[in-house]
Amino acid sequence: MNLLQALFFPPEQPGGVSSMIPYLQERFRSSRWEMDLFWLPKRIRNKGHEEVIFETFDWTQFGESPIVQKYIQTYRDYLWWTKLRMSKTYDLIHSHHPIAGLAMKKVFPDTPLIQTLHSSYERELILNGAISEGGLEHQFLVSLYRELEHVSDRLMTVSQAFAEYVAPYILDPSNIGVIPNGFDEKRFKPVPHDNAIPQLVTVTRLVPAKGIDTLLKACAELKNRGHEYVLHIIGDGPSRADLENMAKQLGIYNETIFYGYTLHPEEFMPFFDIFVLPSRAEAFGSVFAEAALSCLALVGTNVGGIPEQIEDGVNGLLVSPDDEIALADALEKVISDPAYRYELSRSAWDKAKNLYSLTRVANELKKTYLQYPSGTKG
């Protein structure tokens, strides 16, 4: 079977898709399977000029929004690039971004399309203060789910929680499939170590939706309680300067290290002790699975797909978002009790190895792909 994995961001872009799709090629390399990757280069801007018409809604009613205009222009650019670069035909296309899926179906209308929804752009924009709930941009972005359902042979998500989130916006929620992201076990090698001072780490984009402000407040509370620790923040984003200033104001700047963007954090993640990310929204939370495979104790929030990975008190700890005292209490438990921390980390490692290994996910995808022979509607 000739497969195309249609991405939006380049494979090296941080996130759940880049954690899985490039590594899938090795698992599909055989006489039976052939897989290509396609994405829109960052340098492509304002090249497309094609009229955009959707089948299920009129996007122009939201067109006065600059954010909607930019989204539509990016879709035009993806269409332009696809038509320019794609001459090969495929038996099946698997898209991992709405723009990619819509463009591929436009260019290859007779090729079966599987569309995986990895995250909610509208929820992130709302949490980051960029758009208002119920506003033009929000209405436009949630309308795309129905359009994607219309053009796709199969709509899929990465968690049951995200499937439930999408359900109100489509006609037949019962047809949504769920396959979590998978991770190449060979990339994650737990390392026995004994840190005299507990090492906390988070890996994320520095935007309000990720709740790093709550983490800094929790760490300030830990310091007030007399606990020693070092907090490692790996990632970059528009909130970095504000977060660095907050760390200074809270008196924890000396305990906090801002690394900026790092290409392969999994290479040194195993040397830390505790992974913590108090997200305000998360469709799946790939970084929790990566931290689990590195054998770290997990502390997260009970939002989105995170509780599907973490069972509170069994393989990690869960708290409510925006609750720095509850987060401090959870961190205190794993900081002050190394044996409990080890127990949680081993349970997290076991679950991640069983459920989120790339081998398991690749086998699930193969079963799904074989349901859609070329030219037939699922």
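The second largest cavity holds about 40 Å³ of space. A cavity here is a set of points on a 1 Å grid over the protein atoms alone where a 1.4 Å probe fits but cannot get out, and lining residues have an atom within 4 Å of a point. Grid points are joined across faces, edges and corners, and a volume is the space filled by probe spheres set on the points. Please keep in mind that this is a predicted model, in which local features need pLDDT of at least 70 and side-chain atom pairs count only at pLDDT 80 or more, while totals for chains, interfaces and linings use all residues. Residues are numbered from 1 along each chain as its sequence is written, and side-chain values use heavy atoms, with hydrogens and water left out.

**Cavities**

- The lining of the second largest cavity is made up of Phe-288, Ala-289, Ala-292, Leu-298, Gln-309, Asn-315, Ala-348, Lys-351, Ala-352 and Tyr-356.
- Helix 9 and helix 12 are the elements that give two or more residues to this lining; helices (H or I, at least four residues) and strands (E, at least two) are DSSP runs, numbered from the N terminus.
- By class, the second largest cavity is lined by 7 nonpolar, 2 polar and 1 charged residues. Ala, Val, Leu, Ile, Met, Phe, Trp, Tyr, Cys and Pro count as nonpolar, Asp, Glu, Lys and Arg as charged, and the others, Gly among them, as polar.
- A search of the whole structure turns up 3 cavities of 30 Å³ or more, and the largest cavity has about 60 Å³ of space.
- Residues lining the largest cavity include Met-20, His-94, His-96, Met-156 and Leu-365. Its lining has 6 nonpolar, 4 polar and no charged residues.

**The second largest pocket**

- A pocket, in contrast to a cavity, is an open set of points with protein on both sides within 12 Å along at least five of seven lines.
- The second largest pocket has a volume of about 420 Å³.
- Its lining counts 22 residues, and those nearest the centre are His-193, Asp-273, Pro-338, Arg-341 and Tyr-342.
- Helix 12 (residues 338-355) supplies the largest share of this pocket's lining, with 4 residues.
- The pocket lining is made of 13 nonpolar, 5 polar and 4 charged residues.

**Salt bridges**

- The count comes to 22 salt bridges, each being a side-chain nitrogen of Lys or Arg within 4 Å of a carboxyl oxygen of Asp or Glu.
- Glu-332 and Arg-225 form one of them, with their closest N and O atoms 2.8 Å apart. Glu-332 lies in helix 11 (residues 324-336) and Arg-225 in the loop between helix 7 (212-224) and strand 8 (230-234), so the pair ties together parts 107 residues apart in sequence.
- Glu-332 is partly exposed at 24% relative accessible area, and Arg-225 is partly exposed at 29%. Buried means under 20% relative accessible area, exposed over 50%, and partly exposed in between (1.4 Å probe, protein chains only).
- A network of salt bridges links Glu-221, Arg-225, Asp-329 and Glu-332.
- Asp-322 and Arg-280 form a salt bridge with closest N and O atoms 2.6 Å apart. This pair links distant parts of the chain, 42 residues apart: Asp-322 sits in the loop between strand 12 (317-319) and helix 11, and Arg-280 in the loop between strand 10 (274-277) and helix 9 (286-293).
- Arg-280 is buried, at 19% relative accessible area, whereas Asp-322 is partly exposed at 45%.
- Glu-364 and Lys-367 also meet in a salt bridge, 3.5 Å from N to O. Both lie in helix 13 (residues 358-369), 3 residues apart, about one turn of the helix.
- Lys-367 is exposed at 52% relative accessibility, while Glu-364 is partly exposed at 30%.

**Arg-205 and Lys-210**

- Arg-205 is in the loop between strand 7 (199-203) and helix 7, and Lys-210 is found in the loop between strand 7 and helix 7.
- Is Lys-210 buried or exposed? Lys-210 is buried, with a relative accessible area of 11%; Arg-205 is partly exposed at 35%.
- Leaving aside neighbours within four places in sequence, Arg-205 is in contact (heavy atoms within 4.5 Å) with Glu-124, Lys-210 and Asp-236.
- The side chains of Arg-205 and Glu-124 are joined by a polar contact of 2.2 Å. A polar contact is a pair of N or O atoms within 3.5 Å; within protein, one must be able to donate a hydrogen and the other to accept it, and residues adjacent in sequence count only if both atoms are side-chain atoms.
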